[in-house]
Amino acid sequence: MGFFKSISVHKPTPSSKSKFWINPNSGKEIQNWVFVLYDQISTFNPLITDPSKTCLIFIETSWKPNQRPYHKQKLILLLSAQRHFAMERGAEGFSILYQFEEGGYPSGLQSLWEKYRFPLVRSLEFQEREVQKEFEEWQSKDLKIQYELNPLFLSQFSEFRNIFPEGKKRLQETFYRAMRKKFGILMDDRGNPEGGKWNYDLANRSNWKKGDPQPMVPPWSSPDLLTKEVMDLIEEKYPNSYGSAESFGWPVTRTQALNWLDHFLDNSLEYFGKYEDAMDLEEPYLFHSLLSPMIHLGLLHPKEVLDKALKKYKEPKSKIPLESLEGFVRQILGWREFMRHIFTENADQYSKFNFFAHKKKLPEFFWDYSSGMRCIDSTIESVWRRGYSHHISRLMVLSNFANLYEISPQALNEWFWFAYVDAFEWVVKPNVIGMGTYADGGKTSTKPYIASANYIKKMAPSYCKNCKYKPDQILEETACPFNSLYWDFVGRNESYYASQGRPDYSLNHWRKFTQEKKLAIRKKASEIKKAWK
Ligand code: FAD
Ligand code: SF4
């Protein structure tokens with residue numbers, strides 16, 4: 001049975017006596033009408049209670065895919081996960097309204113209201129500003145929406161504001177420590193961090209080479225009939241969307257997401273910390289969890305992810321080192337929550353942030369991975385294939401290059417937003433326009449993350465070994481483009497580095513170059529910037 005037919009089984013039926021609607025599964029009057037957005041498909045959504053009297057409303061709209069050419073796998077993931085969630089809740093006895101709408105979420109709700117006249121629809125607060133705005137701009141006197149705080153995260157904005165009153169520098173580390181204390185995670189009885197240190201980042205900087213522990217392949221699942229139906233739909237309706245749909249295997253149900261989490265805890269958490277910053281040509285995932293899309297959609301709650309990781313660590317035979325566990329906890333409890341609040345605080349300014357005034361558009365190789373730079377092409381190819389690359393390739397390969405190449409941070413953000421399966425407005429903007437490019441002038445991170453080929457060679461020797469460019473050259477024909485671009489960046493931003501009030505290794509190094517060398521670097525960088533369309 002196709003999705004359309006099976007979902008119509010759960011539609012509310014009119015009461016014979018009055019204007020009320022009845023849940024066909026329970027025969028009871030519907031009292032709770034709940035709108036479930038694509039990133040709230042969570043069994044932890046507190047509005048989804050009492051199936052006998054609740055009707056869940058889902059809207060599938062071309063408004064979202066029309067905003068930008070989202071990766072095909074992202075569209076498949078969102079639609080398939082939402083459809084699975086609706087079917088599962090229907091099987092639990094919830095009444096379900098599943099609306100297909102060209103116009104957008106509010107107009108989808110309005111169309112349903114015209115028919116069902118529900119007095120009030122309840123929803124969790126939306127996270128993506130674009131969706132919030134769509135609702136703000138839409139006027140309806142009749143349809144009332146009641147928003148509730150979204151508990152699918154570990155903290156609320158009010159807590160962030162308490163930690164950072166007006167004027168206090170927003171530092172992820174400060175926020176993270178407050179969260180550790182709030183939840184009592186990795187804290188000893190006297191309120192000190194377990195092991196004596198808050199942060200083991202310095203222990204987490206190994207590269208990975210053959211002979212080191214072998215990463216396990218993530219448990220990609222074969223698409224079921226429902227997912228295949230969605231895959232056909234996306235290929236047919238959005239053939240020009242980014243990426244390939246072919247290898248789709250992301251979890252689309254909670255059961256699959258829980259399996260994925262267990263797989264990570266059993267196989268990868270042990271090495272997560274040590275190889276967190278490593279990159280490798282043949283191992284695009286190394287020991288990363290690939291959990292972000294599942295947590296963002298609501299298939300997993302961040303608290304359960306942490307609880308399970310802590311439980312695994314405490315098992316008698318556990319080999320998970322504290323450094324790994326702490327590194328993972330910091331990502332979920334610290335960075336993920338911190339970024340969300342930084343976004344909330346600056347939501348309407350991201351279109352303007354451009355600290356270094358970069359204006360170039362993205363070169364075409366962001367689509368066809370044809371730059372000839374192995375690190376870049378291999379990262380983009382991985383994104384094309386799965387909508388994913390891990391943190392360091394996002395930061396130190398793609399964003400680093402974009403910054404050195406003077407690409408507009410907003411153009412880069414758009415690309416990240418449609419190309420990655422885990423990109424949602426609240427998380428992609430602070431990461432790209434904040435951490436990745438420093439375009440927000442330091443609201444997210446304390447310094448621009450830029451590096452020459454030296455860094456990439458150290459963390460990903462296999463990239464440089466298989467590249468036509470030479471990571472140790474600056475000016476030669478075969479020199480790695482990152483090098484002249486890097487020194488050119490430092491030279492162009494000399495006043496910025498000098499104003500930071502701390503000795504800067506790169507600046508000192510640049511200043512020691514002869515005038516002749518500086519000019520040659522500038523010339524080389526300028527030629528590189530004209531090389532790609
Ligand atoms: P792991 O390395 O296994 O980390 C575990 C979890 O920690 C992740 O699943 C994620 O939920 C959380 N996390 C870690 N770092 C961050 C962070 N900086 N911000 C938010 N959550 C974090 N993350 C997104 O979820 N969506 C994005 O669109 C996104 N865009 C990024 C763009 C750039 C330029 C950079 C530098 C980072 C971006 N990140 C983004 C953050 C991070 O790279 C991803 O969360 C991470 O790579 C997801 O893969 P994983 O699940 O394997 O993560
Ligand atoms: Fe990347 Fe340069 Fe290394 Fe090639 S040589 S892989 S371009 S860092």
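Tutor: Let us begin with residue classes: Ala, Val, Leu, Ile, Met, Phe, Trp, Tyr, Cys and Pro count as nonpolar, Asp, Glu, Lys and Arg as charged, and the others, Gly among them, as polar. The model is predicted, so local features need pLDDT of at least 70 and side-chain atom pairs count only at pLDDT 80 or more, while totals for chains, interfaces and linings use all residues. Residues are numbered from 1 along each chain as written, chains are lettered from A and ligands numbered from 1 in the order written, and side-chain values use heavy atoms, without hydrogens and water.

Student: What makes up the shell around ligand 2, by class?

Tutor: That shell divides into 10 nonpolar, no polar and one charged residue. Among the residues surrounding ligand 2 are M373, R374, C375 and Y463; a residue is near a molecule if one of its heavy atoms lies within 4 Å of it. Arg counts as charged and Met, Cys and Tyr as nonpolar.

Student: Which residues are closest to ligand 1?

Tutor: Of the 26 residues that surround ligand 1, the closest are H288, S289, L290, H296 and Y388. By class, this shell has 14 nonpolar, nine polar and three charged residues. Its largest share, six residues, comes from α13, a helix spanning 322–346; helices are DSSP runs (H or I, at least four residues), numbered from the N terminus.

Student: How do you know how helices α9 and α12 pack?

Tutor: Two packed helices are described by the angle between their axes and the distance between the axes. Axes are lines fitted to C-alpha atoms over the stretch in contact, and angles run from 0 to 180 degrees between N-to-C directions. Helix α9 (residues 254–267) and helix α12 (residues 302–314) pack at about 35°, with axes 10 Å apart.

Technical notes. Helix = DSSP H or I, 4+ residues; strand = E, 2+ residues; numbered from the N terminus.
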